[in-house]
Amino acid sequence: MHLTRLLIRDFRNLAAVDLTPHARFNVLAGDNGQGKTNLLEALYWLATLRPLRAARLRELVRWGADGTSVSARVRADGLEHRLEVRVSDGDRAALREGKSARAAEYFGALAVVVFTPEDVGLVGASPQARRGFLDRAVFNTRPVHLGDVNDYRRALDSRNTLLRQGASAAVVEAYETTLAGAGGRVMRSRASYVERFAPVFASAFRGIVGDDIEAEVRYRPSVEDPSTLATLWASDRERDRQRGFTQQGPHADDLELKLLGRSARAYASQGQRRALVLALKIAEIRVLTETAGLTPVLLLDDVSSELDAVRNERLFEFLHGFPGQVFITTTDAAWLRLERDVRTFSVAAGQVIPAAGSD
Ligand SMILES: Nc1ncnc2c1ncn2[C@@H]1O[C@H](COP(=O)(O)OP(=O)(O)O)[C@@H](O)[C@H]1O
Ligand SMILES: [Mg+2]
């Protein structure tokens, strides 16, 4: 799948963007603070209906504007799809083929995999950041996962609020049933994804560093068996009430990374951490292309400057073999190892225009 046209109105500092991207590599070049990441964020929002960085939708709307919209034509399997997402009067609407669509109808035409400088710190980051990575990866193979994660989050907030308000055990228990349903689905999807992902990750890592260091990824659920969630919360209820929050459950899961059998978080060197993250991303893309038969659009935000020269070479080797569309931002095109099939756009003060001499 790839975008053949991208239109952006009043998204952050991008007042009006109209791009005809290349089916392969699109470079967004410009100084800091010009709108490069904003453009990737617009694409990410279009694909996932979730903001990449913003906490609130209103942050996405250009200052002084009363709404924003991002739309694209996407070619996938010989068909052309039209996607649009917009905010007007503070409400979000998603449209597919020009018609208002619920999430289940909307997803499927466009999948993106994003790689940002924040991802480079994933190995040493909080479990929450690794869960975020895992859930985004699961979502691409199974869009309903997003609904399960949201349902779980909402029911969890309700349980925590009820516990703090001193609600009766019977009332809290009613929420635990909903929570256990959504939580069980979240856990099962994460587990089955990691089962497919783990061998692909191990081989991607070998491809980056060679055969002598073995890396391993494992799903570490906070609760071993999803079918025991409801009973566990029932027995934790009074302790959770004293704590003021729900201690155990899929919101406390982690994705564990190991090098030669030892915790990467505790022991891996900086270079090894970068290689691990690169392997995570490459494996995420391979799982999609090889096992789900779907070639996502890659969004790479200034990652070359975060990787060292060797890891950067590996990244470009991978990208050359990747058959799909790539959007890559950079402040310094000297990092990029691209000769063919490239269209370069310059990004300055929210204006995005094809660079002179570009394809
Ligand atoms: N809602 C908004 N309206 C207008 N400008 C915004 C909005 N949100 C962020 N910006 C501006 O966008 C710029 C940052 O753009 P960004 O894409 O992160 O830059 P970079 O090119 O370094 O990736 C900043 O100048 C910031 O002030
Ligand atoms: Mg940026």
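Trp233 is in contact, leaving aside its neighbours within four places in sequence, with Glu176, Leu179 and Thr246; contact here is C-beta atoms, placed from the backbone, within 7 Å. This is a predicted model, where local features need pLDDT of at least 70, side-chain atom pairs count only at pLDDT 80 or more, and totals for chains, interfaces and linings use all residues. Residues are numbered from 1 along each chain as its sequence is written, with chains lettered from A and ligands numbered from 1 in the order in which they are written.

Trp233 sits in helix H6, residues 229-243; helices are DSSP runs of H or I, at least four residues, numbered from the N terminus. Trp233 counts as buried because it has 24 C-beta neighbours inside 10 Å; the cut-offs are 20 or more for buried, 12 or fewer for exposed, and partly exposed in between.

Now the domains. Domain 1 is 1-111 + 294-359 and domain 2 is 122-293, with bounds from an automatic or database domain assignment. Their centres, over C-alpha atoms, are 27 Å apart. Each domain puts 15 residues into the contact. On the domain 1 side, helix H9 (residues 309-321) supplies the largest share, 4 residues.

Next, the cores. A nonpolar core is a set of buried Ala, Val, Leu, Ile, Met, Phe, Trp, Tyr and Cys residues joined through C-beta atoms within 7 Å. The largest has 82 residues, and helix H8 (residues 270-291) gives the most, 10 residues. Both domains contribute residues, so this core lies between them. A second, separate core of 14 residues includes Val149, Tyr152, Leu179 and Val186. Leu179 is also one of the contacts of Trp233.

Terms used. Two residues are in contact if their C-beta atoms, placed from the backbone, lie within 7 Å. Helices (H or I, at least four residues) and strands (E, at least two) are DSSP runs, numbered from the N terminus.
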